[in-house]
Structure formats: structure tokens, C-alpha cells
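Thank you all for making time this morning.

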Amino acid sequence: MSCTMLMCRSSIFFITTYFSDYIIVPAKCKGQVVRALEDRGFQFEKGAEAYVNPAARHDRNRSSTSSFGYISPSTPQPITIDELQTRTLALLERHGILPKVDDEIRLLQCAGRRNDPDGSPAGEMALQVGLTKCFLYQPHFLSLTLTESEAASLLLDRRLIPNFEPNNVLLGNKEDFLVPIMLDLQPLPLDATGIVCGVAGKLAGGLTDSPLSTAIDISYLSTARTGTVMVKENDLDQAMDALRTEEKPDVI
């Protein structure tokens, strides 16, 4: 999907929560993006108030959050996805951007319960208390997504889980952790595009010379200057092999 946005020359902010995917694009590009989605088989469902792809299956047991891409607008757009992936990794290498992993951080993707079964707001209150506890201790990693139609979606360091107990306020498998691979994108221009698509395609085994034996299930999160790719622990070595250049990445 991010590649579709790139090919129609639109920068994106892509967020995958525990429940849904959100693509945020410049208002001036809305019509162009809608046409690109429809050309790729996506249809707008009024009931869901969202675009869906009937031919695709998305596993909501695992969820992700995504980001900006980065290929300079002054650079001609790539013709193929393979070319995009090659260009993206070359861009990262040229700017000395290496993947980094903090061995102490393991992340839980989950959601908060909106209400208790009896309809009382106790679930939301317990979630707010848990989040307050997390912020008091300056967490190493915490992402919170709030929308009008869905419950809160969280991506948090597993060491923060006790702040939400014993109220059982979090939805999701509390033993299924993700490892964040961080890319410091500060050397790149703010208005560039392409990183999400290029990195995602590489990890999905999209390149013919990809070292991956199987595609990797990945999640994303981006802030203003950092891109974070998240994978399962047993996929970490394979993902790092795909993303690293001749030099080995730093491990914190």
C-alpha cells in the first residue's frame, strides 16, 4: 500500500493500530490517492468507513504502526518496486544510516478496553491510570494512538505492563513481543518519500537477490526523525541481514 502512495507521488504517514490501518496524506493529494487505491483493487465500505481490499487478508492478531518514507522529491520516481527497494537501501547507506537494536527493549502491541462488560467506564479509567504511571517514569518506548471510533491502541515496552495490572485492561497476547529496529533518519530531508515501501519490500523478500528465505511479518512506527521497524524475535537476525550494509549495525 505504501508503494501505491509512492508511485502516485504522495508522501504519507502510515499508522497501523491494533484494529485498523490509517494512511494520512496531504489534502491536495486526496483525489490522486483515492484513484491509486481503487486501481489496486481497494473499495470503500460505508459500513466500515474505510477502504478494504477483498483480495487481501490482514492478520489483526498482530498489528503495526508505520511511517514516512524518504526518497528526495527532486529524484525521479522509480519505475518498479524492485528499483525502489534498491534505491532506498542505497540512500540509507550513502547517508550512513544503519539499523540499531536495543537488546533491552521488547514491545507489546495491544489495545485498551473501552468499558467493562457491565457497561461501566472502569476499563477506560484503569487504562488512564496505567498510562499515567508509565509517563511518570519516562518510559524507554511508548506509543499511543487514539481515534474516535476505536479503543486506544498501544505499543509499549514490556516492562510497562505491570502498570496496567491487575485490572486486565489490555487486549492482546501479552507473551507475543516485537523487537524494534531503529533507523535514525535525521540526515534525510523532511519532505522525502520511500523508506517504508523500500524497507518493507526488502524484508518481504521482494528483491530477486534478497537473502530472505521467507517473508518477514513486520510492523512500523515513525516519529518526526526516526523510523522503527518491528519484527518478531525469531525473525530479528534475518531482518538485520536484509537491512545491513557492508558494515555491521550498532547494537546498543
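This is a predicted model: local features need pLDDT of at least 70, side-chain atom pairs count only at pLDDT 80 or more; totals for chains, interfaces and linings use all residues.

Leaving aside residues up to four places away in sequence, Met-182 touches Leu-98, Pro-99, Lys-100, Asp-102, Gly-227 and Thr-228. Val-101 is 81 residues from Met-182 in sequence, and yet the two C-alpha atoms are 6.4 Å apart in space.

One of those partners, Thr-228, deserves a moment of its own. Thr-228 is found in strand E12, and at a relative accessibility of 7% it counts as buried. With residues up to four places away again set aside, its contacts are Phe-141, Pro-180, Ile-181, Met-182, Ser-219, Tyr-220 and Leu-221.

Let me step back to the chain as a whole. There are six helices and twelve strands, and of the 252 residues 45% count as buried. If we take the contacts with a separation of 6 or more, 70% of them are between residues 24 or more positions apart. The accessible surface comes to about 13500 Å², and carbon and sulfur atoms hold 51% of that.

Now to the interior. In soluble globular proteins, nonpolar side chains tend to be buried together. Which residues of the largest nonpolar core touch the most other members? Out of its 25 residues, they are Leu-92, Ile-181, Val-199, Leu-203, Ile-218 and Val-231. Two or more residues of this core come from each of helix H3 (81–94), strand E10 (177–184), helix H5 (195–203), strand E11 (218–222), strand E12 (226–232) and helix H6 (236–243). There is also a second, separate core of 15 residues, which includes Leu-127, Leu-160, Ile-161 and Val-169.

In H6, the buried residues are Leu-236, Gln-238, Ala-239, Met-240, Ala-242 and Leu-243; because six of its eight residues are buried, H6 is largely enclosed by the rest of the structure. In helix H2, which covers residues 30–39, the buried residues are Val-33, Ala-36 and Leu-37. Seen down the axis of H2, these fall within an arc of 100 degrees, so they line one face of the helix. On the face of H2 turned away from its buried side we find the exposed residues Arg-35 and Asp-39, and just after the helix Gly-41 takes a positive phi of about 95 degrees.

Asn-168 is 45 residues from Gly-123 in sequence, while the distance between them, C-alpha to C-alpha, is 8.6 Å. Helix H4, residues 122–136, also gives the largest share of the lining of the second largest pocket, namely four residues. That pocket has a volume of about 180 Å³, and among its 13 lining residues the closest to its centre are Glu-124, Leu-127, Gln-128, Leu-146 and Ala-152.

Thr-145 sits in strand E7, residues 142–145. Is Thr-145 buried or exposed? Its relative accessible area is 16%, and because the cut-off for buried is under 20%, it counts as buried.

Most residues other than glycine have a negative phi, and most peptide bonds are trans. Gln-138, which is in the loop between H4 and E7, has a positive phi of about 45 degrees although it is not a glycine; at 68% relative accessibility, Gln-138 counts as exposed. The other place is the peptide bond from Glu-165 to Pro-166, which is cis, with omega near 0 degrees. Pro-166 lies in the loop between strand E8 (153–157) and strand E9 (170–171).

Terms used: Residues are numbered from 1 along each chain as its sequence is written. Side-chain values use heavy atoms; hydrogens and water are left out. Buried means under 20% relative accessible area, exposed over 50%, partly exposed in between (1.4 Å probe, protein chains only). The arc is that of the directions from the helix axis to the C-beta atoms. A nonpolar core is a set of buried Ala, Val, Leu, Ile, Met, Phe, Trp, Tyr and Cys residues joined through side-chain atoms within 4.5 Å. Contact means heavy atoms within 4.5 Å. Accessible areas come from the Shrake-Rupley method with a 1.4 Å probe; for residues, only the protein chains shown count as cover. On a 1 Å grid over the protein atoms alone, a cavity is a set of points where a 1.4 Å probe fits but cannot get out, and a pocket is an open set with protein on both sides within 12 Å along at least five of seven lines; lining residues have an atom within 4 Å of a point. Grid points are joined across faces, edges and corners, and a volume is the space filled by probe spheres set on the points.
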